[in-house]
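Dear colleague,

Please find below the sequence and the structure that I am handing over to you. My notes on what was found follow directly after it.

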Amino acid sequence: LPLLLKATLLRLASGSYRPFYNGFYYNHIMNDNGDGQDKVDYFNGARLVVETSKDPVYSYNGANVTLPCHYRYEPDMGPKRKIRIKWSKLRDDYTKEQDVMVAIGKTYMAFGDFKGRAHIHQASRHEASLVISDVRLKDDGKYRCEVIDGLEDESDVVDLRLQGIVFPYQPPRGQYRLNFHEAEQVCQDQGAILANFNQLFQAWSEGLDWCNAGWLADGTVQYPIRVPRKPCGGVHLAPGIRSYGPRHRHLHRFDAFCFSSALKGEVFYLDRLAGMTLEEAKQSCQDAGAEIARVGQLYSAWKFLGLDRCNAGWLADGSVRYPIVTPRANCGPPEPGVRSFGFPSKGRFGVFCYKER
């Protein structure tokens, strides 16, 4: 990019450009005296309006998604003007922004993890939509579309939600052994990320009932209860999400609620007549041109691909589990779900493998 234009884009992304806004658009006119003093600005009668989708935009891991954003002038100002567009990703509490992209005309610059994955879509007049390709788990969240025209600066927010599944996770060491940073890591190790509150709430509304408290992405500790009972906050509390609030991210220890989305590949089951040890299971997956599946991949295959197998199999973390879509005799409880045998130190089982398409 030309140096001046690149500097302008970086300044816009840094947030240092915050023009004054009073609800109207003003033109800036220099006087003729050459003394650097300005004339009084005049009002041109046009107001800038920015609109995004009022409903959440849903997508899934690995997909391409468009976050709609359009702007207009009231009254209409005729031919399209050369405006500036900025997209940012927000925290749920709106206290911090992550730069995604800035654009002036047809020139744009993406930042961080969005480099090479994001661009502006302008198929129609006054469009400033954002296209994100190869959507990732951490792309889930709120995005601000900001349009800047001279002194006027207007924005609106759109919510991108990934279709996925929340699952509670305990490491082999047992219950309540993870601080926040360890919880982040174990979810990542399982092909997932720490869930946010909206994802946990959605899982609760779909039936998730879990009495062990776990970390969420914002550093709070919560757990979902569908059937109130004494060990889970008491029988007199209504169903809902129980919260311990923010906890110390280094000192306090709980479980984790992880979030995984749809898969780019497939999960399949392998077995031998005599079963396999964990190391033999890993090798069998490699021999099949795959890798041993992670917990998040098994949950995703169960939810999105209908994987139903009444045979226990090893997973990458050393646990043994199996997914049931249609409950039946000798396959565990009468509800669908992913059953767990824990982390057996010995034994011979089948294995669940994962292969990219």
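**Disulfides**

Cys69 is buried, with a relative accessible area of 0%. Please keep in mind throughout that this is a predicted model. The partner of Cys69 is Cys145, and the sulfur atoms of the two residues are 2.0 Å apart in a disulfide. Cys145 is likewise buried, its relative accessible area being 0%. About the S-S bond of Cys69 and Cys145 the torsion is about -80°, which means that this disulfide is left-handed. The pair links distant parts of the chain, since Cys69 belongs to strand β6 and Cys145 to strand β12 (residues 141-149), 76 residues apart.

How many disulfides does the structure hold? There are five. When the bonded cysteines are counted along the chain, the pattern of the disulfides is 1-2, 3-6, 4-5, 7-10, 8-9. Two further pairs are described here.

In one of them, Cys211 and Cys232 are joined, with their sulfur atoms 1.8 Å apart. The torsion about the S-S bond of Cys211 and Cys232 is about -125°, so this disulfide is left-handed. Cys211 is located in the loop between α3 (197-205) and β16 (214-215), and Cys232 in the loop between β17 (220-225) and β18 (240-246), so the bond ties together parts that are 21 residues apart in sequence. Cys211 is partly exposed, at a relative accessible area of 24%, whereas Cys232 is buried, at 2%.

In the other, Cys285 and Cys353 form a disulfide whose sulfur atoms are 2.0 Å apart. Is this disulfide left-handed or right-handed? The torsion about the S-S bond of Cys285 and Cys353 is about -80°, so the disulfide is left-handed. Cys285 lies in helix α4 (residues 278-287) and Cys353 in strand β25 (residues 350-356), so the pair ties together parts that are 68 residues apart in sequence. Both Cys285 and Cys353 are buried.

Strand β10 is joined to strand β11 (residues 129-132) by four bridges. As for individual residues, His121 has Ser129 in β11 as its bridge partner.

**Backbone features to look at**

Most residues other than glycine have a negative phi, and most peptide bonds are trans.

- The peptide bond from Glu74 to Pro75 is cis, with omega near 0°. Pro75 is placed in the loop between β6 (69-74) and β7 (84-90).
- His126 is not a glycine, yet its phi is positive, at about 65°. His126 is placed in the loop between β10 and β11. His126 is buried, with a relative accessible area of 7%.
- Tyr176 also has a positive phi, near 55°, in a residue other than glycine. Tyr176 lies in the loop between β14 (164-169) and α2 (180-189). Tyr176 is partly exposed, with a relative accessible area of 27%.

Asp156 is part of strand β13 (residues 152-162). Is Asp156 buried or exposed? Its relative accessible area is 17%, so Asp156 is buried. A polar atom of the Asp156 side chain lies 3.2 Å from the backbone nitrogen of Thr52. Leaving aside residues up to four places away in sequence, Asp156 touches Val50, Glu51, Thr52, Lys54, Tyr143, Arg144 and Cys145.

**Helix α5**

Helix α5 (residues 295-304) is largely enclosed by the rest of the structure, because eight of its 10 residues are buried. The buried residues are Val295, Gly296, Gln297, Leu298, Tyr299, Ser300, Ala301 and Trp302. Just after α5, Gly306 takes a positive phi of about 70°.

Yours sincerely,
A colleague

Terms used
Residues are numbered from 1 along each chain as its sequence is written. This is a predicted model: local features need pLDDT of at least 70, side-chain atom pairs count only at pLDDT 80 or more; totals for chains, interfaces and linings use all residues. Side-chain values use heavy atoms; hydrogens and water are left out. Two strands pair if DSSP finds at least two bridges between them. Helices (H or I, at least four residues) and strands (E, at least two) are DSSP runs, numbered from the N terminus. Buried means under 20% relative accessible area, exposed over 50%, partly exposed in between (1.4 Å probe, protein chains only). A polar contact is a pair of N or O atoms within 3.5 Å; within protein, one must be able to donate a hydrogen and the other to accept it, and residues adjacent in sequence count only if both atoms are side-chain atoms. Contact means heavy atoms within 4.5 Å. A disulfide is a pair of cysteine sulfur atoms within 2.5 Å.
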